[in-house]
Amino acid sequence: MPSTSTSTDTSVHSEGPRMTAPLLEVDALTIGIRRRGRDDVRIVEDLSFAIQPGERFGIVGESGSGKSLTLRAIAGLLPKGVEVLSGTIRYRGEDLGGMSAAARRKLMGPQIAMVFQEPMTALNPVVRVGEQIAEGPRRHLGLSRAAAAELAVEMMRRTGIPDPARRARAYPHELSGGLRQRIMIAMALSCSPRLLLCDEPTTALDVTVQHQVLQLVEELCDETGTALAFVTHDLAVVNQTCTELAVMYSGHRVEAGPVKDVFRDPRHPYTRGLLESAPDFDDPDRALIPIPGFPPNVAARPDGCPFAPRCRFAIEACTTAMPAQEDVGPGRTAACIRTHEIGSAAPGEPVEVLA
Amino acid sequence: MLHRLRFIPGRLLQAVPVAFGVTIIVFFLSHLLPGNAALALLGERATKASVAALTEQLGLDRPLWEQYFRFLGQIVHGNLGTSLTYQLPVGQLVLQAVPVTLSLLGLALVMSLVISIPLASLAASRPNRAGDLFARGFTLLGQGMPQFWVGIMLILLLAVNVRAFPVGGYGDGAGAHLYFLFLPALTLAIAMSPTIIRSLRASMIGVLESEYVGTAKSKGAAGMPLFRDHVLRNAAIPTVSIIGVNLGYLVGGSLVIEKVFALPGLGSLMVNAIFSRDFPTIQGVTLFVAIFVVVVGILTDVVYTMLDPRVDLAGGTTP
Amino acid sequence: MTTPTAALVGFKQRRRASRSRSLRAWYRNGSLMAGIVIVGLLVLVAVLAPVIAPYDPIAQHLEQALESPSAAHWLGTDKYGRDVLSRLIWGARVDLRVGFLAVLIPFVVGSVIGAIAGYVGGIVDTVLMRIVDVFFAFPFYVMVIVLVFVLGAGETSIYLAIAAVSWVSYAKIVRGEVIVARQQDYVVAARLGGMSHTRLLVRHIAPNVMSQAVIYAMSDIVMDIMAIVTLGYLGLGIEPPTAEWGSMIVDGQEFITTQWQQTTIPGLVVVVTSLGLSWLGDGISDLLSPDRRR
């Protein structure tokens, strides 16, 4: 599908010059699989967003939307066969793709760190957790073994792990899921990174534990001024934890802006659909309206807006070209040609096509 | 960790019936010989006197069960009989030969790891590329070549055509021993490597795709630290198990290699005993080797437990 | 809940479907074809030995001893003046035949014992597996060598010795498979339908569990040929003057400095044989269990 002229404005804010340079700038990023003799398979297409220092940025979408891959591309951890096909990722102004592997590795830990979804498989099963936390500081901060071990225990204490000195000698399988995730967080923050990438860190946890872990992440990031790139499919989590968000569908960014504004007044049919299908505890009697259908096959996306087949606002024009990013308010964009009509539609009802 | 080693007494206890079974089989080996066992053992040229002496020594004129218990009693006292050829206690001959065989096995193990680990890593990090195909080809070839023939070829290439190594023998002194053991150990290493490479490659591929290697990379790990602390530490675990299982087969192979290189170890002791029909020695060596294999099996479990903190052999794996 | 017959039929249909999928591609499998070619050639040579061997393999001509390769004797002559090439060709008959037969007995015996242990379970299983453990403690070569010594050299001894040592692997494999199969729906359904144990074992369970044993047998043939050749090297195998690759290697080792081909070539032939059998074995194992990861 040809890339039509989407706005290359990387900032989700469309007004005024920024006072500080963004920490992370993703610019027209396309991630996929190169195939010889055939079209490349594009999983993430023309994605742009920016994260300011200290900002808590959420990336929302369902499975297969490409949100995890985006995070992995930033971390340089794309799986075999998947690569950045075009676009740039700039950290503090420097193009990550243009760096040598060694230079990039120097960033991983003290500048950029990642928390993974499944702590059981993301921790080395045969190494004690204290050692695993200490590995980063030893490598990047040049700490001695003893000093790094002390730092590890301190980090464990700060993430709320009881009896950290003893627990540091435990192996991952000896700890509960919640504790393991705290270990992962302690590990990620051990070198005081500027940007923390979180790939659905609470999805695999019990609901009660989820809340605690989220609070922990928020507190620690506030304390240290670490920016957060938080990938999730759970709207409630984004609502609680993030201030800005980008909504992804089938590899495209379909809506972006401050979380409260977007959730109060969604301007993309997909965002509306997400909100309408999610339970709201403040309004328990509201009917849940699911989005019919399934996301398109990544290798065979239709022309035009990828959401069109499932969209109740879709018109003919939606299927011919990918919609451009439209300004829909202060610091907000939405990629829909009917975005200005969506705000006034009643839940569950299609909007009349205005001539 | 000591707590997890508590399976050892139980395992030793389990080994006891196996050990008994071993002794029964070894004992009955002599009774598989048709006709007068002593006569058959000594061959046709035996004199009446020697036949009578052997009959008495082996207690062949007593009831079967009595012979067996006599046999057991002797073993427990460390008496493995007297060699017919050397007129020395079999136990003594075995103890003299054991260091040679153990050195050979030890050196071969080290060499096979030196060969296997790099090849397996190369194969696992770039599957289906040149390195992997070479490793798999080496594995295929290694399994297809008779061990003793590999030894002969190494002699041909490195001892005859190029006088780099001796043709056989053991030498005097530790340094010389190492020199003389090089080719035989290399032969065994070539025989051992295919199994190790295959197992290590498979487990490495699994580990390289794992989440925790991704986590390590997200901390900036790469190269040797990544390989040593994360990949190898995990990939080695199933391979240790496989080596342990195959050790019995390898011990047998080493016996033949000793003949090829004229090393004075258990293998030569055994083979020579076979040709000189020295039955007590054959019995003694077989018994020793079988018990050795059982002990090695337990040791393998110990090493395995030490390597993998999740394993609890006394009560099943921890979830 | 389906009827017993329906469950059985459904299971068989699925097996047949997966098998035909793999059969369609067998001729495209490179190593399998190579294996078939090599083994086929070797079998051909062995069968046609009386016709294609230029000389009598055991007739001695001491005046022609230790000649280098020439037009008359392509691989030279050994220390008794026998043509090496002819001995090589006749050796194929011996090693291939003995190797194949040596695998059959432990395959049958071990599988039966393993099936009984797995199917009956309980104390029978425990006792049989203890016995298996005892046999497992003996290194393969040590036992084979000792047994051949005890039983005297010769072909029968080889069969008995290898059988006595190898049956355990088959017992373990088949037992494992039977234990799994025993819990499958189609077995439960058949028993509910009143099928006798024997009929169930022989006609329904056996065909499904034997594939793993057959796969192992393919690699076992290679191991057995190695053992036979090793026994020949040690002078414990097929009795001289019969031509056999192992004894040829040991005969040639003496003259490694002057006539190195005498000890090298038979070994190379063994290597090629093993490769061919390995490829063939891998190919057959792919056919028999296409859904299992090797």
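**Exercise 1. Find the loop that holds C:Leu66 in chain C, and say whether this residue is buried or exposed, or in between.**

Step 1. C:Leu66 sits in the loop that joins helix H3 (49-52) to helix H4 (84-120) of chain C. Helices (H or I, at least four residues) and strands (E, at least two) are DSSP runs, numbered from the N terminus.

Step 2. This is a predicted model, in which local features need pLDDT of at least 70, side-chain atom pairs count only at pLDDT 80 or more, and totals for chains, interfaces and linings use all residues. Residues are numbered from 1 along each chain as its sequence is written, while chains are lettered from A and ligands numbered from 1 in the order in which they are written.

Step 3. Look at the backbone: C:Leu66 is not a glycine, yet its phi is positive, near 55°.

**Exercise 2. Describe the overall build of chain A.**

Step 1. Chain A contains 12 helices and 12 strands. Its radius of gyration is 21 Å, close to the 20 Å of the globule rule for 355 residues, so chain A is as compact as a globular protein of that length. The radius is taken over C-alpha atoms, and the rule is 2.2 Å times the number of residues to the power 0.38.

Step 2. The C-alpha trace of chain A spans about 75 × 50 × 40 Å along its principal axes, and 47% of the 355 residues are buried.

Step 3. Among contacts in chain A with a separation of 6 or more, 65% join residues 24 or more positions apart. Two residues are in contact if their C-beta atoms, placed from the backbone, lie within 7 Å.

**Exercise 3. Which residues of helix H11 (residues 266-275) of chain B are buried, and what do they pack against?**

Step 1. Eight of the 10 residues in H11(B) are buried: B:Leu266, B:Gly267, B:Ser268, B:Leu269, B:Met270, B:Val271, B:Ala273 and B:Ile274.

Step 2. These residues pack against helix H5 (90-125), H10 and H12 of chain B, together with H6 and H9 of chain C.

Step 3. After H11(B) comes B:Arg277, with a positive phi near 55°.

**Exercise 4. At what angle do helix H10 (residues 223-261) and helix H12 (residues 279-307) of chain B pack?**

Step 1. The angle is about 175°, and the axes are 9 Å apart. Axes are lines fitted to C-alpha atoms, for helices over the stretch in contact, and angles run from 0 to 180 degrees between N-to-C directions.

Step 2. That makes H10(B) roughly antiparallel to H12(B), a term for angles over 145 degrees.

Step 3. By class, this contact has 11 nonpolar, five polar and no charged residues. Ala, Val, Leu, Ile, Met, Phe, Trp, Tyr, Cys and Pro count as nonpolar, Asp, Glu, Lys and Arg as charged, and the others, Gly among them, as polar.

How values were computed: Angles under 35 degrees count as roughly parallel, over 145 as roughly antiparallel, 65 to 115 as roughly perpendicular and the rest as oblique. A residue is buried if 20 or more other C-beta atoms lie within 10 Å of its own, exposed if 12 or fewer, and partly exposed in between; C-beta atoms are placed from the backbone.
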